[in-house]
Amino acid sequence: MSRTMLTICLALQAAIAVQAADRPDVLVADFERESYGEWKADGEAFGPGPAQGALPGQMPVSGYEGQRLVNSFYRGDGTTGTLTSPPLRLERKFLNFLIGGGMHPEQTCINLLIDGKAVRTATGPNDRPGGSERLDWHTWDVADLEGQTVVLQIVDRRTDGWGHINVDHIVQSDRRMQAEPASRELVVKQRYLHLPVKNGAPSRRMKFVLDGQTVREFDIELADASPDFFAFSDVSKFAGKTLRVEVDRLPADSQALQAIALSENLPAADQMYQERHRPQFHFTSRRGWLNDPNGLVYFDGEYHLFYQHNPYGVQWGNMHWGHAVSRDLIHWQELPLALYPVRHGDWAFSGSAVVDAKNTAGWQQGDQPPLVAAYTSTGRGEAIVYSTDRGRTWSEFEGNPVVRHAGRDPRLLWHEPTRRWVMAVYHEAEGKQWIAFHSSPDLKTWTYHSRIEGFFECPDLFEAAVDGDPNRTTWVLYAADGQYVLGDFDGREFRPAGSGKHALWHGAFYAAQTFTNTPHGRIVQIGWGRGVTFPGMPFNQQMTVPVELSLRTTSEGVRLFAQPVRELESLRQKKHAWSAQAIEPGERALENVSGELLDMEAEFAPGEATRLGLVVRGVPVVYDVKKRELTCHNVTAPLTLDDGKLRLRVLVDRGSVEVFANEGRVAISAAVIPKADAPAVKLLAEGSAARLNSLMLHELGSAWSAP
Ligand code: FRU
């Protein structure tokens with residue numbers, strides 16, 4: 001045989017082999033019609049026909065194909081029944097189907113029957129409260145049964161928790177569709193590993209294994225085909241080594257492992273911070289989810305912003321401490337992750353940081369004092385870590401955990417009068433929510449002193465001067481919702497003074513913290529802008545604009561005020577000003593303002609108007625005179641005018657509008673995407689004319705360009 005002939009023969013053989021392996025799939029049932037057709041339902045559980053997703057009272061159902069699926073949650077878990085197929089001839093190696101719901105063998109299952117006997121069976125994945133209504137592929141190897149006639153029966157005989165079964169898209173194939181463990185080895189020659197993510201895909205468990213040791217482990221919605229974006233992991237620590245990337249389950253035809261790539265650059269580095277919905281002067285993470293600000297501390301010219309972070313997806317999970325630094329609170333530079341979970345499921349939850357200026361813990365090396373942070377290690381308790389290199393790397397205190405209790409979110413501060421460290425920490429006991437106070441001479445051994453009821457998560461505690469008078473100070477205590485009490489703190493116990501809790505912030509604001517160790521004792525606060533979202537972006541949630549807090553005497557007593565830090569003014573570019581004028585009833589657009597990032601200051605006199613204010617890029621910021629309420633988008637806050645004037649500072653970024661009313665007596669953070677094509681500013685009055693005393697507007701530049 002000539003060489004050409006041989007080549008042709010081999011090619012033909014290969015083609016035949018491929019054909020044999022790739023006989024077309026045979027669809028058994030897609031359950032896309034209103035009725036079950038030839039399938040026969042007995043009992044009540046399967047309802048009148050395939051369901052359109054979740055049934056009343058059911059968690060969201062996902063992972064099915066098309067519009068409908070078999071769902072035996074009809075009238076809840078209490079109903080039972082069976083759904084039986086017409087006879088069916090097996091003609092491929094595998095029978096694949098999507099399955100979800102209860103994991104109760106023989107009770108919530110699908111069976112393959114031959115002569116009425118089950119020769120294959122499968123259940124859903126759930127056998128306890130919680131879990132997921134997601135369907136996933138299951139494959140039966142039926143090669144040995146090829147040619148036989150069988151019946152499929154879907155069974156629901158269970159009436160309590162997870163007493164239902166979901167099935168969809170039954171298909172005969174020569175391909176296995178069920179996910180199996182998979183892995184790939186890579187020599188770490190570059191800094192970042194890029195990981196393909198598909199939002200809403202099944203969550204997979206990924207491990208990086210080095211010499212048989214798991215060095216990282218996390219959950220990730222891996223993209224089997226086209227990714228929504230690439231997340232990344234900094235693997236410089238493993239440079240030169242062979243890393244095995246393991247995934248607990250992947251469909252046979254998944255492209256996920258091949259799509260993983262090493263690079264010196266971040267994914268889509270050329271678009272970083274310039275993405276369509278990327279906020280331009282609010283902190284967001286390069287990739288993934290963020291929530292609470294953590295470990296806010298100023299040291300050696302840098303403000304440190306650590307934060308609750310899922311680096312691998314845009315939803316909450318895999319809690320790490322992300323890390324960014326800034327010299328001016330406005331221009332941030334992201335640094336490598338500061339804290340990794342000690343193991344999968346033992347997440348690094350919220351906490352705080354201080355400078356151990358007196359080296360009380362003895363961790364100082366060289367001239368510079370160490371940074372010390374406390375965080376909640378969810379599997380252990382309150383844990384202490386320290387850094388001797390300006391927060392770049394962190395070491396665990398070998399005595400961790402230092403406090404073990406039902407609680408989280410330790411807040412550290414130095415209490416000068418008692419010369420002790422204090423930890424204010426969220427604490428659950430007797431079915432109630434508290435903040436507990438502990439103290440320590442050295443950040444290592446802690447003594448419990450007292451607790452105060454009625455605060456949930458993320459405490460903050462600091463002392464502040466009233467009306468700027470350093471001889472007149474009071475203590476401020478608040479938790480995640482930002483509602484604060486004023487009082488006395490003696491290093492062991494907090495005693496509230498006066499009348500209960502007060503609110504400064506309203507809307508998309510949660511789990512805020514103030515910086516420790518700031519120059520001149522400035523009190524600078526950053527909160528999590530909870531609920532600020534960015535459609536289609538590889539990141540989720542933002543921090544609120546940094547504000548300076550002060551205590552001032554008002555007609556109602558001493559209250560906290562918040563104003564954007566003055567450093568924000570460095571972003572001001574083009575200025576527009578309008579002089580005093582009447583605002584006739586209705587809305588009137590002001591001309592010649594462009595730019596999507598806005599910072600404005602306005603003063604109004606309501607006159608006889610019932611409502612008045614601004615509409616900025618389609619977002620109303622309106623005061624209701626009678627109700628004494630200020631509304632921005634969907635957030636309403638009570639506001640009393642001091643001297644009959646309404647003063648507003650309004651900040652507009654790509655995912656939020658923030659309003660500071662009457663010098664910061666009331667602060668609002670609204671999660672809203674301003675309309676780029678709506679007029680920048682409209683003046684608004686209702687009922688009667690109002691008066692604009694002054695309006696100044698600055699178009700802002702982006703904080704992502706160099707300061
Ligand atoms: C508040 C919170 C904290 C916890 C963290 C976990 O938003 O629930 O109590 O430490 O988030 O991400």
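Q: How far is a polar side-chain atom of Asp292 from an oxygen atom of the ligand?
A: The distance is 2.8 Å. Bear in mind that this is a predicted model.

Q: OK. And what about the side chain of Arg408?
A: An N or O atom in the side chain of Arg408 sits 2.7 Å from a ligand oxygen. For Trp316, the corresponding side-chain distance to an oxygen atom of the ligand is 3.0 Å.

Q: How much of the ligand's accessible area does the protein cover?
A: The ligand on its own has 310 Å² of accessible area, and the protein covers 91% of that.

Q: Which residues come nearest to the ligand?
A: There are 13 residues around the ligand, and those that come nearest are Asp292, Gln308, Trp316, Arg408 and Asp409.

Q: How do the residues of the shell divide into nonpolar, polar and charged?
A: Six are nonpolar, three are polar and four are charged.

Q: Which strands each supply at least two residues of the shell?
A: S19 (288–299), S23 (348–355) and S27 (407–415) each do that.

Q: What is the order of the open sheet with S23 in it?
A: The order is S23-S24-S25-S26, four strands with antiparallel pairing. S23 and S26 (395–396) each have a single partner strand, so they stand at the edges and one side of each has no neighbour in the sheet.

Q: What actually holds strands of a sheet together, in general?
A: Backbone hydrogen bonds pair them, in either a parallel or an antiparallel sense.

Q: Switching to S52: how many of its residues are buried?
A: Five of the six residues in S52 (666–671) are buried, which leaves the strand mostly covered.

Q: Does S35 pair with S52 in the parallel or the antiparallel sense?
A: S35 (residues 505–507) pairs with S52 in the parallel sense, over three bridges. Gly507 stands opposite Ser669 there.

Q: And S51 with S52, parallel or antiparallel?
A: Antiparallel, with six bridges between S51 (residues 656–661) and S52. Phe660 has Ala667 in S52 as its bridge partner.

Q: What phi does Asn662 take in that hairpin?
A: Asn662 takes a positive phi near 45 degrees; the hairpin of S51 and S52 has four residues between the strands.

Q: Which peptide bond is cis here?
A: The bond from Asn400 to Pro401 is cis, with omega near 0 degrees. Pro401 is in the loop between S26 and S27.

Q: Back to phi. What is the value for Glu457?
A: Glu457 is not a glycine, yet its phi is positive, at about 60 degrees. Glu457 lies in the loop between S30 (447–453) and S31 (460–466).

Q: Is Glu457 buried or exposed, and why?
A: Glu457 is buried, because its relative accessible area is 14% and the cut-off for buried is under 20%.

Q: What about phi of Asp467?
A: Phi of Asp467 is near 50 degrees, again a positive value in a residue other than glycine. Asp467 is in the loop between S31 and S32 (469–478), and at 42% relative accessible area Asp467 is partly exposed.

Q: Where does Gly482 lie?
A: Gly482 is in the loop between S32 and S33 (484–489). At 11% relative accessibility, Gly482 counts as buried. The C-alpha atoms of Gly482 and Phe455 are 9.9 Å apart, while the two residues are 27 residues apart along the chain.

Q: Cysteines next: how many disulfides?
A: Zero, when a disulfide is taken as a pair of cysteine sulfur atoms within 2.5 Å. Cys109 is buried at 0% relative accessibility, and Cys458 is buried at 6%.

Q: Last one. What does the side chain of Ser254 reach?
A: The side chain of Ser254 reaches the backbone nitrogen of Ala256, at 3.1 Å. Ser254 is in the loop between S17 (242–250) and helix H2 (256–259), and Ser254 counts as buried at 7% relative accessibility.

Terms used. Residues numbered from 1 in each chain as written. Predicted model: local features only at pLDDT ≥ 70, side-chain atom pairs only at ≥ 80, totals over all residues. Heavy atoms only, no water. Buried < 20%, exposed > 50% of the residue type's maximum accessible area, 1.4 Å probe, protein only. Polar contact = N/O pair within 3.5 Å; in protein donor to acceptor, adjacent residues only side chain to side chain. Near = heavy atom within 4 Å. Areas by Shrake-Rupley, 256 points an atom, 1.4 Å probe, with all protein chains shown as cover. Nonpolar A, V, L, I, M, F, W, Y, C, P; charged D, E, K, R; others polar. Pairing = 2+ DSSP bridges.
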